[in-house]
Amino acid sequence: MFGYYLKLAVKSIKKNALLSMLMVLAIALGIGASMTTITVNYLMSANPIPDKSTQLFYVQVDSWDPHNAFNDDNGDPPNQITWTEANNLFNAQQATKQVVMAKSGGIIVPENQDINPFQASIRLTTGDFFTMFDTPFLFGGGWQLASDQQREQVIVLTKRINDKLFGGENSIGRTVLLAGQNYKVVGVLDAWQPMPKFYDVNNGAFDESEEVFIPFFLKETYELPNWGNTNCWKSPEGEGFKAFLQSECINYQMWVQLNSEQEKSDYLAFLNNYVSEQKALGRFPRDMNNQLLDVMGWMENQQVVEDDAKMMMWMSFMFLVVCLLNTVGLLLAKFMGKSAEIGLRRAIGASKRDVFIQHIIEAATIGLLGGLLGLALAMFGLVGIKTLYGDFVENLVSLDWVMAFTGIGIAIVASVLAGLYPTWRACNIAPATQLSSQ
Amino acid sequence: MLTLGPIFRALLRNKVGALLIAIQIAFTMAIIVNSVFIIIERSQETKRPSGIDEANSFFVNSSGFSENFSAKATIEEDLANIRALPGVIDAIQINAIPVSGSGWSMGLQTEPGAEHDGVGTAVYMVDERGINALDVQLLAGENFSASDIRWRGNSASDWPDKIIVTEAMAKRLFPDLDYAQTIGKTVYINDTEPMIITGVIDKLQAPWVGWNNVDNSFLSPEYLERDSSSYFIRTEDGQRDEMMKQVEELLSANKSRVVQNMRSVDYVRERSYRGHNAMIKILSTVIITLTIVTSLGIVGLASFSVNRRKKQIGIRRALGATKADILHYFMTENLIISAFGVLLGAALTIGLNMVLVNALSLTPMSWFYIPVGMLVLCLVGQAAVFGPARKATSIAPATATRTV
């Protein structure tokens, strides 16, 4: 029976080609627009590390100004920590794994004289970074806690930098001259670009990952520059780099891995205890306000999904509603136009149910066609977004299978819903009146 | 107007169809009016002047890396060399570039003490030629003299004694005073460190175009003693691209540094406003598409209703109705539907605007957008229905004699 109804549907669509095309086009436009914006929002709000996102927590403690909260709107603690906290909390080693980090940069002078010196962005971090965030390695691996503690000059390169410096060879054991110091290569990452770049959203949630990784505490040893956001509520006491490190300026991030609720509450207790100790030393003038948010909680807190993207998504949903209303109207017109035919079918024995199924299938067919065309439009839409926004959205404009099927699914469901009322009206056409008017 | 009654009663016999169009018009209006509002607001923002000579300015970064690299000597030499190039009006070292998206901000307050709130402002560290290089106007007070300029060491946390503020900043700090009267006033940085306003310039935007305080900035008389340093260069009209090449060559001759990020101000401006411009284009597309979709919907439904009423139209024609009467009938019918739609639309528009204001901190729209939107959508409806209505007028009176 299904095949027969499908045939009827196709026939009916062909018979009134212009009206049908209008409907398909309206659905396609609505779906195309919605799919484009959903994709961007979906990728912006994607879980960058699904296997562990509930075990990784961003550490926030409130070291801020006694007179002003860091965040006036919600009273949240500062979004980064000071050098002092980075050191103390890291050295305490109270979590299963912990990482402190910051952004920096320096000039790399390649061994190969043919390559000009260039500036590289640096992630200053600690050894657990690589195991906590499951970074893929092409060669070698991360470094151990001992390297952090002894401030060893080791370096992990991204694939891109390894290709540039060593032509993609296994460079483990070679040295890289970075910011005037020689670093021994211990690992080369395979392509790795978490989206969003959750481990440091303060410095651009969709930015590229840094190009090289070196031990965090070397910042102090070699006075490496601060890149990224630095906020201070009071200026450093005294001059020079040491004074800056010891100041209340925040430029550092900390993540901990906590595998159970118990570990989490233990860690929070440790933080509270730590803050109390600092209060006794005259720091932390504000009320106790420590926060541990997991990956998705932190993304939400930092509003990683851009307002513009959200706005476009809402607008496109309303756009879809208009297109569907349009479809309801046109389907109604179409089915009513067929009332004589329906009356005849009813008179020669088709049940209401038959008529209902037949017309729902017709509506679904239109939805399917609209969905397919809409998918094509969405691909155009994403190319358009990329042209308009440039490299910034590079990683946010790819349509995957999940999204493709979702789109077609939405199109069919929406058009069946849109077809319900017109179909219901069509079923209720009485056989007798239609026959008598013939 | 006599026909209004019958048309309305006829409409009630096909409530659903009419209601669908009305709702569609309402949604369309909500989206279109809000989009137009956002477009106008964004395009006004993108047109705000930054205060500098954007078309003829560019900047470049120099990062020294060799061990015996002297920041001080290099900066002095570079500035002398760049300023000597024919085609260059002036060049300065600067810590941040207006509208570029990255920079330095501080808070200034008129009373000392941590308990007082500061006014956020961007900081531009420049020498006595900053005003000329940035092409800003000194409105009151005086420029820095060469002896005012100090070298700011790495990680220095204190500030010079003199500053030059923008007019907007002067007004924010001293709302009761005319900007000229702020000369000689003391303001405090870092809660307690005093600085004296010695000059007021007309306009110089902060690096962050989305910032609430985008017009607040001040000039601080200092050079930065850093291995990595940015130069801002203003050229004669039309000389920018040529000068970019020359400056790059000039700086690259020194092999103990990396010359990078040479960009025109036009380029960073385009990048900073790219999101705005993209939004404007996307919303324009939405408006056009939506108008087309809704118009086609009206055309489709009106054609259908004309077809259904062929016999009725024929009878009316046979009874003496003119073609104009028929046209009038359908146009009026659409006007009734549209009127209902735009009334609903006005409510939806306000609702959507409230949602946007709440969720995305947009400013509320002005009232006049609503009536204008209502009028425009009624006109769109009339235009869309005109085709089918004209077709209806061509139905011959003889149709009345046929049975179908």
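**Close-up 1. Helices α3 and α6 of chain B in this predicted model.** The axes of helix α3 (residues 71-84) and helix α6 (residues 240-252), both of chain B, come within 11 Å and cross at roughly 145 degrees, where axes are lines fitted to C-alpha atoms over the stretch in contact and angles run from 0 to 180 degrees between N-to-C directions; helices are DSSP runs (H or I, at least four residues) numbered from the N terminus. Asp78(B), Asn81(B) and Ile82(B) of α3(B) meet Val247(B), Leu250(B) and Leu251(B) of α6(B), contact being heavy atoms within 4.5 Å.

**Close-up 2. The interface of chain B and chain A.** Here 50 residues of chain B are in contact with 46 residues of chain A, and the area buried between the two chains is about 4,100 Å², of which carbon and sulfur atoms give 74%; buried area is the accessible area (1.4 Å probe) that two parts lose on being put together, summed over both.

**Close-up 3. A salt bridge between Arg42(B) and Asp308(A).** The two side chains meet at 2.8 Å, N to O, and the rule finds one salt bridge across this interface, defined as a side-chain nitrogen of Lys or Arg within 4 Å of a carboxyl oxygen of Asp or Glu.

Residues are numbered from 1 along each chain as its sequence is written, and chains are lettered from A and ligands numbered from 1 in the order in which they are written. Local features need pLDDT of at least 70 and side-chain atom pairs count only at pLDDT 80 or more, while totals for chains, interfaces and linings use all residues, and side-chain values use heavy atoms, with hydrogens and water left out.

Methods
Helices (H or I, at least four residues) and strands (E, at least two) are DSSP runs, numbered from the N terminus.
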